[in-house]
Amino acid sequence: MNRKILMFTVLIVSIFAVSCSSDDGPPVANLQLETIGLKALTGGSSYQGWLIVNGVAKATAKFTDPAGTVNLEVLKSDLEDATQFVLTVEPFGDIDNLPSDAKILTGNFNGTSAQLGFESVVADLSITSGQFFLATPTDDVADNDEFGVWFMNGLTAPGLALPDLGSGWKYEGWVDFGTKILSTGTFSKVDVTDDGNFFKGSGGTVPDFPGEDFLVIPSQIPLTGITLPAAVTSRRVFITVEPYLDNDPAPFFIEPLSATAGITTGPGNPVMMTSNTAVPSGRATRPSM
């Protein structure tokens with residue numbers, strides 16, 4: 001009888017041990033991510049890391065705050081075999097478990113760490129320049145030029161010198177009116193009409209350059225906190241680099257050009273913009289295997 005009880009006990013313990021081993025799953029390890037110049041995302045988008053293993057992207061967890069050291073738990077085997085780390089900005093509602101085109105940092109592993117850079121996946125922003133003037137070419141009113149801003153050099157040349165951006169990114173112009181920051185539109189080229197002109201007037205023409213006249217709020221745009229027309233004079237005007245599909249109406253934090261508009265208008269009174277060359281960087285570290 002005692003022998004039967006002993007054998008039954010051993011059987012139960014064995015089953016329990018196998019069950020625990022199965023539940024534990026494959027071994028995991030922590031990837032440590034440290035960045036400089038990244039800011040928290042608040043508009044619904046998120047950061048996501050990707051280990052490149054034999055050419056295949058293996059996802060980490062998403063996060064919104066990059067402050068300090070971010071620990072990302074991944075499969076130990078993936079971390080051992082990874083040759084590259086990529087950090088992306090994923091749009092609100094993303095569920096496809098594939099990296100977006102908006103890669104913001106990347107680097108190859110050399111031993112236990114990968115130095116992460118911005119330039120190879122977004123752009124080299126070390127040399128940029130810009131200028132704009134105040135005017136309202138989209139209406140036929142002669143004395144309201146303070147309500148528009150155009151990134152032009154005179155009437156026929158672009159006012160911005162910016163490098164081409166990587167896939168997933170666009171430039172966007174902004175004016176800070178104090179109570180509201182409004183977009184002038186997104187663009188990829190400095191010598192074509194941008195994707196904005198939502199607030200333009202009537203009776204004039206839209207130039208073949210980025211810019212906006214802040215004259216009218218269309219009925220289909222639910223805009224509060226500001227009344228148009230709104231004067232750009234003495235307002236801060238700036239250009240950002242934006243994840244194209246982030247669906248966030250607020251400016252992204254990478255800002256290569258900015259200036260405060262003056263009180264004079266017209267192409268004969270350009271405002272020169274100040275360059276900001278700061279871009280994010282970082283390091284991804286894996287434990288010694």
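**Burial, strand pairing and ring contacts in a predicted model**

Buried residues make up 45% of the 289 residues in the protein chain; buried means under 20% relative accessible area, exposed over 50%, and partly exposed in between (1.4 Å probe, protein chains only). The model is predicted: local features need pLDDT of at least 70, side-chain atom pairs count only at pLDDT 80 or more, and totals for chains, interfaces and linings use all residues. Residues are numbered from 1 along each chain as its sequence is written, and side-chain values use heavy atoms, with hydrogens and water left out.

The protein chain holds two helices and 20 strands. Helices (H or I, at least four residues) and strands (E, at least two) are DSSP runs, numbered from the N terminus. The radius of gyration of the protein chain is 26 Å, well over the 19 Å that the globule rule gives for 289 residues, so the chain is more spread out than a compact globule. This radius is taken over C-alpha atoms, and the rule is 2.2 Å times the number of residues to the power 0.38. Along the principal axes, the C-alpha atoms fill a box of roughly 105 × 40 × 30 Å. Of the contacts with a separation of 6 or more, 63% come from residues 24 or more positions apart. Contact means heavy atoms within 4.5 Å.

Strand S2 (residues 46-53) is mostly covered, with eight of its eight residues buried. Both faces contribute: Ser-46, Gln-48, Trp-50 and Ile-52 are buried on one side, and Tyr-47, Gly-49, Leu-51 and Val-53 on the other. S2 has pairing partners in S5 and S3; two strands pair if DSSP finds at least two bridges between them. Seven bridges join S2 to strand S5 (residues 84-90), and the two run antiparallel. Here Ile-52 has Gln-84 of S5 as its bridge partner. Strand S3 (residues 56-63) is also antiparallel to S2, through six bridges. Val-53 is bridged to Val-56 in S3. Two residues lie between the strands in the hairpin of S2 and S3, where Asn-54 takes a positive phi near 50 degrees.

Gly-93 counts as exposed, at 57% relative accessibility. Its C-alpha atom is separated by 29 Å from that of Gly-25, 68 residues apart along the chain.

Gln-131 belongs to strand S8 (residues 129-134). This residue is buried, with a relative accessible area of 11%. Its side chain makes a polar contact with the side chain of Asn-153, at 3.3 Å. A polar contact is a pair of N or O atoms within 3.5 Å; within protein, one must be able to donate a hydrogen and the other to accept it, and residues adjacent in sequence count only if both atoms are side-chain atoms. Leaving aside neighbours within four places in sequence, Gln-131 is in contact with residues including Trp-150, Phe-151, Leu-160, Pro-270 and Met-273.

Six bridges join S13 to S14. Gly-173 stands opposite Gly-185 in S14.

Aromatic pairs number nine. Rings of Phe, Tyr and Trp (its six-membered ring) pair if their centres lie within 6.5 Å; planes under 30 degrees apart count as stacked, over 60 as edge-to-face and the rest as tilted. Trp-174 and Phe-238 form a stacked pair, 6.4 Å centre to centre with 15 degrees between the planes. This pair links distant parts of the chain: Trp-174 lies in strand S13 (residues 169-176) and Phe-238 in strand S16 (residues 236-243), 64 residues apart. Both Trp-174 and Phe-238 are buried. The charged end of Arg-236 sits over the ring of Phe-238, 4.6 Å from its centre. A charge sits over a ring if NZ of Lys or CZ of Arg is within 6 Å of the ring centre and within 35 degrees of the ring normal. Arg-286 likewise places its charged end over the ring of Phe-109, 4.2 Å from the centre. Ring pairs also link Phe-177, Phe-198, Phe-199 and Phe-214 into a cluster.

Some backbone features fall in loops. Asn-197, in the loop between S14 and S15, has a positive phi of about 65 degrees although it is not a glycine. Asn-197 counts as buried, at 10% relative accessibility. The loop between S15 and S16 contains Ser-234, whose phi is near 65 degrees. Pro-229 is placed in the loop between strand S15 (211-213) and S16. A cis peptide bond joins Leu-228 and Pro-229, with omega about 5 degrees.
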